[in-house]
Amino acid sequence: METGKFFHNLMERKDFETWLDNISVTFLSLTDLQKNETLDHLISLSGAVQLRHLSNNLETLLKRDFLKLLPLELSFYLLKWLDPQTLLTCCLVSKQWNKVISACTEVWQTACKNLGWQIDDSVQDALHWKKVYLKAILRMKQLEDHEAFETSSLIGHSARVYALYYKDGLLCTVFSVDYNDELDILVSGSADFTVKVWALSAGTCLNTLTGHTEWVTKVVLQKCKVKSLLHSPGDYILLSADKYEIKIWPIGREINCKCLKTLSVSEDRSICLQPRLHFDGKYIVCSSALGLYQWDFASYDILRVIKTPEIANLALLGFGDIFALLFDNRYLYIMDLRTESLISRWPLPEYRKSKRGSSFLAGEASWLNGLDGHNDTGLVFATSMPDHSIHLVLWKEHG
């Protein structure tokens, strides 16, 4: 009896499969509209069990998790086509998506570079760069909203401070100097149009360099990083600037030196240089009424002139690979050098800007080559005030 029932069920199954095959052939021959009408009719005839079965299977078919199904390398390739904000939204889909997207190092490194962030390729943590991007986007938002800085004051002088100097974390009230411990020398610019070279340890004057015809407002000691006919990488170079000219001197153990080159932006002295100078061993940068001038130190050729027509007479405070720090009588500005556009500003109090450029200065400058989440701390700008105090602009802590 059980055997008979088995064969009966077997025949019923075969008949059902035959019927299903026939109906499938007919269904496939229909147009899309006819197929949709057929499905609508079948759904209307279905009960709770059929509808639940349909819902569970449709979700599996329609919502395939491609990040889970694809090889990791292919997932990373696809993710590179999405912008960072979209990726952050995708991280909310599931833990698996967040894990895969967060580990896509190339995507987050590129996003950080686009924001002007420095990249340390030695960091091996796969999840590190997404965290850096989140920190970077917050800092850049603060810059765009002009909320990245805060102010403070130093009080203690009994008279107006006319000269400020900052190096290695120390803020000093002296005028137009630079020094080098390795050479054991200090150089200073003077109102008598000379540059003096001093023995740092002994405090004695070793040499007086002449040739300027105006007050020497800036001196910079720096190792050369490029080769030319006049100098080699590793040579120590002294730059001195006045109102119209920048003079380049070789300096080292032999302090008796002659001027190698004189730079200017106008031969007839019709254009004045602002009393600030940047030199990193590869490029010389100075501001003028026409804009920022950048010279190549290997050839002494002018590489570019950055003009800011919307704001005239911007003075240079610092210049890097990514950003420049500028200011006028009202604001402190940050320029993105990749686009030559001003991306942030900070209001400054009323103060008298010294014509010699000695009453104001920039603080830590490594961030100008790209932020990294650690170098955006400490002093940004300082200037002396009429009430004998020193006004400070500082980086605000990350929110």
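Two strands count as paired if DSSP finds at least two bridges between them. Helices (H or I, at least four residues) and strands (E, at least two) are DSSP runs, numbered from the N terminus. The model is predicted: local features need pLDDT of at least 70, side-chain atom pairs count only at pLDDT 80 or more, and totals for chains, interfaces and linings use all residues. Residues are numbered from 1 along each chain as its sequence is written, and side-chain values use heavy atoms, with hydrogens and water left out.

**View 1. Strand β1 pairs with β22 in an open four-stranded sheet.**
Six bridges join β1 to strand β22 (residues 390–395), and the two run antiparallel. Ser 153 has His 391 of β22 as its bridge partner. The strand order in the sheet is β1-β22-β21-β20, with antiparallel pairing. β1 and β20 (360–362) are at the edges with a single partner strand each, so one side of each has no neighbour in the sheet. From one strand to the next the twist averages 15°. Here axes are lines fitted to C-alpha atoms, for helices over the stretch in contact, and angles run from 0 to 180 degrees between N-to-C directions. Strands of a sheet pair through backbone hydrogen bonds, either parallel or antiparallel.

**View 2. Ala 148 sits in the loop between α9 and β1.**
Ala 148 counts as buried at 1% relative accessibility. Buried means under 20% relative accessible area, exposed over 50%, and partly exposed in between (1.4 Å probe, protein chains only). Which residue lies 248 residues from Ala 148 along the chain, with the C-alpha atoms separated by 5.5 Å? That residue is Lys 396. Contact means heavy atoms within 4.5 Å. Leaving out residues up to four places away in sequence, Ala 148 touches Arg 139, Gln 142, Leu 143, Leu 394, Trp 395 and Lys 396.

**View 3. Helix α9 spans residues 128–144.**
The helix has 17 residues. From first C-alpha to last, α9 reaches 25 Å, close to the 24 Å expected at 1.5 Å a residue. The expected span is 1.5 Å times one less than the number of residues. Buried residues in α9 are Trp 129, Lys 130, Val 132, Tyr 133, Ala 136, Arg 139, Met 140, Gln 142 and Leu 143. An α-helix has 3.6 residues a turn, so residues three or four places apart point the same way.

**View 4. His 146 and Arg 269 both have a positive phi.**
His 146 is partly exposed, at 35% relative accessibility. Arg 269 also has a phi near 60°. Its loop runs between β11 (261–263) and β12 (278–279). Arg 269 is partly exposed, with a relative accessible area of 30%. Most residues other than glycine have a negative phi, and most peptide bonds are trans.

**View 5. Ile 101 belongs to the largest nonpolar core.**
A nonpolar core is a set of buried Ala, Val, Leu, Ile, Met, Phe, Trp, Tyr and Cys residues joined through side-chain atoms within 4.5 Å. The largest has 42 residues, and those with the most contacts inside it are Ile 101, Phe 149, Leu 325, Leu 332 and Phe 381. Helix α9 gives the most to this core, with six residues. Apart from it lies another core, of 20 residues, among them Val 226, Val 265, Tyr 293 and Tyr 300. Setting aside neighbours within four places in sequence, Ile 101 contacts Leu 67, Leu 79, Leu 87, Cys 90, Cys 91 and Trp 108. In helix α7 (residues 95–102), the buried residues are Trp 97, Val 100, Ile 101 and Ser 102. Their cover includes α4 (66–69), α5 (72–79), α6 (84–90), α8 (105–114) and α9.

**View 6. A second open sheet holds β4, β5, β6 and β7.**
Its four strands follow the order β4-β5-β6-β7, with antiparallel pairing. β4 (177–180) and β7 (205–209) stand at the edges, each with a single partner strand, so one side of each lacks a neighbour in the sheet. The twist here averages 15° from one strand to the next. Four bridges join β6 (residues 195–199) to β7. Lys 196 stands opposite Thr 208 in β7.

**View 7. Cys 104 and Cys 286 are buried.**
Relative accessibility is 3% for Cys 104 and 1% for Cys 286. A disulfide is a pair of cysteine sulfur atoms within 2.5 Å. By this rule the model has zero disulfides.
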